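Subject: Structure for your review

Dear colleague,

Please find below the structure that I am handing over to you. I would be grateful if you could read the notes with the model open beside them.

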Amino acid sequence: MTVKLTFRGIVQGIGFRPTAQRLALEYDVKGQIKNSGGSVELIISKDSQTLDKYIQRLVSMFEIKSFEREEIDETAFDDFKIVSSSRDFDTPFITPDLAPCPDCERELMDSKSRRFHHPFISCINCGPRYTIIKNLPYDRENITMSHFEMCKGCQKEYTTPSDRRCHAQTIACNDCGPVTNITVEKAVEILKSGKILAIKDIGGYHLACRTDIPENVNEIRKIKGREKKPFAVMFSSLEQIEEYCLVNDKEKELLLSTARPIVLLEKKKDFDKSVCGESDYIGAFLPCNPLQILILDEISPLVMTSANISGEPIIINDKEIEKLGVDIISHNREILTSLDDSILKVTAGRTQFIRRARGYVPLAIEIDKKAKKDTLCLGGDLKSAFAFHHDKYVFMSQHFGDLEDADALMAFKSNIKRFADLHSFKAEKIVADRHPNYYSSNLFDNDLTVQHHKAHIASVIAEHKLKGKVLGFAFDGTGYGDDGAVWGSEVFIFDENKFERKEHLDYTKMPASDEISKNADLALACYLGGNSLIDKAIENNINTVKSSSMGRLFDAVSALLDIKHYNNYEGECACALESTARTAKKAYPLEISLNPIEILTQIKNANAPKEELALGFHMMICEMILELCEKHRKSDGINQIVLSGGTFNNKIITENTIRLLEEKGFDIYINEQVPCGDGGLALGQAFIACLEE
């Protein structure tokens with residue numbers, strides 16, 4: 001009996017073909033296997049019972065999206081072979097970059113191994129993937145490792161079916177493959193001596209330094225133009241992380257995953273203030289490649305931050321990094337696209353993305369809407385990320401930063417082309433945010449524009465495949481509204497493929513300038529007055545816009561309570577307000593209101609410590625959400641609640657809202673596969689684009 005099987009899913013770059021070959025030897029199955037664009041084609045011969053067992057075993061070992069089985073004419077095979085790939089394309093699923101597997105980590109530190117201290121050790125189960133692929137299929141000649149000729153030892157492993165490196169396309173050893181410009185020992189010496197070191201990693205360069213030398217940390221801040229925002233810290237082991245941070249089981253799982261993301265963890269022990277600033281959290285992560293493992297084994301923990309000017313893409317160009325004037329450990333394996341570290345946190349037992357990048361991109365998100373045409377979704381301008389919707393899968397790009405920055409915009413545009421070419425997608429339909437002045441909205445001739453906050457809600461509906469009526473809360477700083485106002489506290493009912501705006505904070509007139517999103521005192525003056533220039537501008541409608549922004553209300557409360565008055569980075573005032581609220585023993589009771597002036601007046605007239613007022617404000621927002629949910633359950637019969645938008649990065653708000661709603665029997669959904677902020681907009685745009693077809 002001979003059957004042909006076509007497998008789709010994560011089947012390239014993870015050892016699917018060599019595993020199939022090893023199992024074929026075990027089951028005495030004859031045939032052949034090859035990559036075919038984004039899928040794998042397998043033809044095998046044996047009796048029916050054996051084939052069933054073989055296929056069941058193979059499928060159980062991988063993340064297969066689907067496979068087709070077809071009985072074909074009997075074919076006589078002498079053995080089982082991995083044959084040359086074809087370029088027939090279907091839906092391609094490309095593997096993200098993977099941290100070293102336990103086997104490679106052991107070899108790396110085993111003095112008897114021929115890959116002892118090899119900075120580029122990998123096998124079929126680990127190593128760079130997305131950042132080194134030129135085109136599909138995923139074969140040696142199609143990745144940046146094609147420049148390196150295998151030595152005899154690697155060639156033997158590559159062609160031996162029983163070997164873990166059989167057809168491992170990134171195979172190399174100390175005798176062949178990429179090399180570093182300086183030794184690891186020299187790199188460690190530089191760090192130990194108290195200097196800054198630029199390290200070329202999988203998705204670009206990082207800047208590293210010791211955590212106990214504030215002068216160096218502050219020097220990195222000067223290089224990056226990053227005055228206040230906390231830095232991530234890389235640790236050598238989970239045990240070392242636990243010395244500094246509280247870590248639950250879910251957080252451990254994320255830290256040790258093959259993605260090796262930065263995970264925001266509550267502090268147990270702190271570093272100098274120059275490292276994490278006033279944050280309650282440490283952005284902790286473990287080494288994601290062999291070079292980092294070798295360095296951190298000798299000196300740890302280290303500040304480890306992307307080498308870039310804040311807002312720009314991480315540097316991947318070897319000549320560009322030299323301009324920073326720091327010591328460098330580099331290598332001669334080309335990086336084809338910049339890729340930052342992913343950032344996650346755990347809230348109410350659920351995973352939340354702050355930034356979705358290395359380790360997760362370009363994994364597809366399956367939704368229950370099928371695109372009739374390949375659809376390019378452009379997301380927004382802040383925390384920008386685009387997506388292609390092909391078939392029923394949305395392929396999200398990495399994070400690019402703020403598109404107001406020329407380099408970020410250039411990287412955004414060039415990666416749209418790379419992403420399309422790599423996956424063989426065509427932008428047959430283009431969707432953008434409704435904001436008329438967004439850079440992303442003006443790159444192409446758009447077929448559809450989608451309102452910002454509707455896209456937020458739709459992103460949650462899409463990833464959870466929700467059916468029926470949904471009540472959605474989209475709370476954030478800013479988004480262009482359907483009426484031309486600045487929205488940011490929107491409550492929608494989604495039913496029968498339509499969004500209906502039901503609630504929002506009362507409109508407040510604010511200056512139509514970027515300064516309002518930075519200056520919390522300015523926001524406060526818009527609500528309560530007291531600034532003569534602002535008062536006159538509002539009174540005479542001079543360059544003003546109506547706003548229902550939740551973000552500006554958080555800023556105003558922060559300023560009113562004299563906690564933080566200026567956002568040096570996005571959300572700084574809100575983070576400081578949350579941090580202050582965490583220190584309160586009880587919450588000051590505030591009456592629920594959708595009128596920002598009433599809310600602020602209550603706080604202003606209250607005779608209570610700022611900590612209690614800060615927590616009281618947070619809890620009032622949670623109780624307001626509950627009250628609106630109960631109102632619309634009674635009037636509209638809705639029990640499914642969706643929370644999205646940057647405000648729900650606030651742990652106090654999100655955890656307490658979920659708790660209060662669950663106590664009343666509501667079903668609550670948040671973003672868990674994309675960020676709740678603007679990094680998830682493209683997913684929502686893809687969903688809404690299908691509603692318009």
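The notes below set out what was found, by topic.

This is a predicted model, in which local features need pLDDT of at least 70 and side-chain atom pairs count only at pLDDT 80 or more, while totals for chains, interfaces and linings use all residues. Residues are numbered from 1 along each chain as its sequence is written, and side-chain values use heavy atoms, with hydrogens and water left out.

**Nonpolar cores**

A nonpolar core is here a set of buried Ala, Val, Leu, Ile, Met, Phe, Trp, Tyr and Cys residues joined through side-chain atoms within 4.5 Å. Buried means under 20% relative accessible area, exposed over 50%, and partly exposed in between, with a 1.4 Å probe and protein chains only. Helices (H or I, at least four residues) and strands (E, at least two) are DSSP runs numbered from the N terminus.

The largest nonpolar core holds 60 residues, and those that touch the most other members are Phe-473, Phe-475, Leu-553, Phe-617, Ile-621, Ile-625 and Leu-643. Helix 19 (residues 610-636) gives the most to this core, with 13 residues. A second, separate core has 37 residues, among them Ile-241, Cys-245, Val-247 and Leu-255.

Contact means heavy atoms within 4.5 Å. Leaving aside neighbours within four places in sequence, Phe-473 is in contact with residues including Ile-457, Val-491, Ile-625, Leu-628, Leu-643 and Phe-648.

**Helix 17**

The buried residues are Glu-572, Cys-573, Ala-576, Leu-577, Glu-578, Ser-579, Thr-580 and Ala-581. They pack against strand 10 (281-285), helix 14 (520-528), helix 16, helix 19 and helix 20 (651-663).

**Individual residues**

Phe-492 belongs to strand 22 (residues 486-495) and is buried, at a relative accessible area of 1%. Residues up to four places away in sequence not counted, Phe-492 touches Gln-451, His-453, Trp-487 and Phe-499, among others. Between Phe-492 and Ser-532 there are 36 Å in space, C-alpha to C-alpha, and the two are 40 residues apart in sequence.

Ser-330 sits in the loop between strand 12 (327-329) and strand 13 (343-347) and counts as buried, at 9% relative accessibility. Its side chain is joined to that of Tyr-205 by a polar contact of 2.8 Å. A polar contact is a pair of N or O atoms within 3.5 Å; within protein, one must be able to donate a hydrogen and the other to accept it, and residues adjacent in sequence count only if both atoms are side-chain atoms. Leaving aside neighbours within four places in sequence, Ser-330 is also in contact with residues including Val-179, Lys-200 and Asp-318.

Pro-102, by contrast, is exposed, with a relative accessible area of 56%; it lies in helix 3 (residues 102-108). Pro-102 and Thr-347 are 245 residues apart along the chain, and their C-alpha atoms are separated by 28 Å.

**Backbone features**

Most residues other than glycine have a negative phi, and most peptide bonds are trans. The following residues are therefore listed against that background.

- Ser-300 and Pro-301 are joined by a cis peptide bond, with omega about 0°; Pro-301 is in the loop between helix 10 (290-296) and strand 11 (302-306).
- The peptide bond from Val-361 to Pro-362 is also cis, with omega near 10°; Pro-362 is in the loop between strand 14 (350-355) and strand 15 (364-366).
- Asn-497 is not a glycine, yet has a positive phi of about 65°; Asn-497 lies in the loop between strand 22 and strand 23 (498-503) and counts as partly exposed, at 41% relative accessibility.
- Asp-562 has a positive phi near 55° and is placed in the loop between helix 16 (550-560) and helix 17 (572-582).

At the start of helix 15 (residues 532-539), a side-chain oxygen of Asn-531 comes to within 3.1 Å of the backbone nitrogen of Leu-533. After helix 15 comes Asn-541, with a positive phi near 55°.

With kind regards
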